[in-house]
Amino acid sequence: MIEQFLGHSAYFFIVILLLIGMYGMLFKKNLIKKLIGMNILQSSIILFYVVSAYKWNATVPVLDPRLGEPIPMQYINPLPHTLMLTAIVVSVATTGVALALIVVLYKRYHTLDEDELLERMK
Amino acid sequence: MLLVYAATELPMRGSIDAPCNVDSSLTGTPGASTYYIRNAQKEMNTPNMVTAILADYRGYDTLGETTVIFCAGIVVFLILRKLKDGKKI
Amino acid sequence: MVKKSSSIIVGIVSRAIVPFIQLFALYVIVHGHSSPGGGFQGGALLGASILLLRLTVGREGSELVFPERMGTPMSGFGVFIYAFVGVAAMIGGGVYLNYAFLPIGGMQPAELRSLGILLVETGVGIGVMATMIVIFDDIAKGNFHD
């Protein structure tokens, strides 16, 4: 039971992080806070992939000549790391575009509150 | 709650026989990651497997992704272009 | 919105530290073959060094290092390097982005692939650096108080 809990504790942490991000995206009224919630959610997904790449008693995916011929048990899984490297850079790009849109909205309406924005857009 | 319940069914952290770490999947197709680990040094002369996968095995992926950030730069430029003179949008 | 730092210490220290950040970024890009690193990380470091100058030295000083109008062309140039390496492999007789067919004589396919990875990472680094600077510049545009 204890071992079961410890083996999955990383997943529970990620679930909590995902729920925090989703709460921020859904229930906060300020657009900047929504953006922060989106970033937290992306971080939780990235952490999930990185956790799934882990193997016990394995080293980083950089080849070590002392270990001889590479055996897959000795190196952690390099594929999720690669995919998440891509995802991080895409998240930077989406954050940049979202910030630009927020700047334009603020210049036009002088508020970032969601209800007020919808009211003024009518 | 549902997510926590789902998380208990996932493989243990760090287990070697998790589905993404094994040699061949349930249907018998060969797994990608073990192939990369075995052959990265031989085919690429590159000890860092993450770089080898990123730039060579999955080169199209990285090309599209570089294009994505280029497009993001262009979009930010186009959205905020009119703010230069302090004009009203 | 963006204000130049008025403290002398911050200005001098950041000016002194920027070359070392850039040197480390080049190391990360070039040494990405055998240690953790690569184009994205090195490009982010290069961009961060120039953003540090933008924030501390002010606009006029940092324009000398990286002019603002060069941002978008440099970003496009990075993507162009990447695509051109793929086309060069096609000229050498392979499929797109297969670096073993780069038209350079006297090298083993494994070494050619290694070289191709280096070229591609350089392109990615330039693209990421320029894009980060472009995003910052455009958001801060019209809001500088030097």
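In this predicted model, buried residues account for 49% of the 146 residues in chain C. The accessible surface of chain C amounts to about 6,900 Å², and carbon and sulfur atoms hold 73% of that surface.

**Architecture of chain C**

- Chain C contains 5 helices and 2 strands, arranged along the sequence as β-α-α-α-α-α-β.
- Along the principal axes, the C-alpha atoms of chain C occupy a box of roughly 55 × 30 × 20 Å.
- Of the contacts in chain C between residues at least 6 apart in sequence, 61% link residues that are at least 24 apart.

**Interface of chain A and chain B**

- The interface brings 44 residues of chain A into contact with 38 residues of chain B.
- Together, chain A and chain B bury about 3,900 Å², with 76% of this area on carbon and sulfur atoms.
- On the chain A side, A:L63, A:P72 and A:L79 lose the most area to chain B, and these residues together contribute 13% of what that side buries.
- Polar pairing across this interface comprises 0 salt bridges and 1 residue pair in polar contact, with both residues at pLDDT 80 or more.
- Three helices of chain A, α1 (2–27), α2 (31–52) and α3 (78–109), each supply at least two residues of the side that touches chain B.
- Among the elements of chain A, α3(A) gives the most to that side, with 18 residues.
- By class, the side of chain A that touches chain B consists of 31 nonpolar, 9 polar and 4 charged residues.

**Helix α3 of chain B**

- Helix α3 of chain B spans residues 49–57 and is mostly covered, with 8 of its 9 residues buried.
- The buried residues of α3(B) are B:M49, B:V50, B:T51, B:A52, B:I53, B:L54, B:A55 and B:D56.
- The cover over these buried residues draws on three chains: it includes α3 of chain A, α2 (32–44) and α4 (59–79) of chain B, and α2 (39–56), α4 (71–91) and α5 (109–140) of chain C.
- Where α3(B) starts, a side-chain oxygen of B:N48 comes to within 3.2 Å of the backbone nitrogen of B:V50.
- B:V50 is also one of the buried residues of α3(B).

Conventions. Residues are numbered from 1 along each chain as its sequence is written. Chains are lettered from A and ligands numbered from 1 in the order in which they are written. This is a predicted model: local features need pLDDT of at least 70, side-chain atom pairs count only at pLDDT 80 or more; totals for chains, interfaces and linings use all residues. Side-chain values use heavy atoms; hydrogens and water are left out. Contact means heavy atoms within 4.5 Å. Buried area is the accessible area (1.4 Å probe) that two parts lose on being put together, summed over both. A salt bridge is a side-chain nitrogen of Lys or Arg within 4 Å of a carboxyl oxygen of Asp or Glu. A polar contact is a pair of N or O atoms within 3.5 Å; within protein, one must be able to donate a hydrogen and the other to accept it, and residues adjacent in sequence count only if both atoms are side-chain atoms. Helices (H or I, at least four residues) and strands (E, at least two) are DSSP runs, numbered from the N terminus. Ala, Val, Leu, Ile, Met, Phe, Trp, Tyr, Cys and Pro count as nonpolar, Asp, Glu, Lys and Arg as charged, and the others, Gly among them, as polar. Buried means under 20% relative accessible area, exposed over 50%, partly exposed in between (1.4 Å probe, protein chains only). Accessible areas come from the Shrake-Rupley method with a 1.4 Å probe; for residues, only the protein chains shown count as cover.
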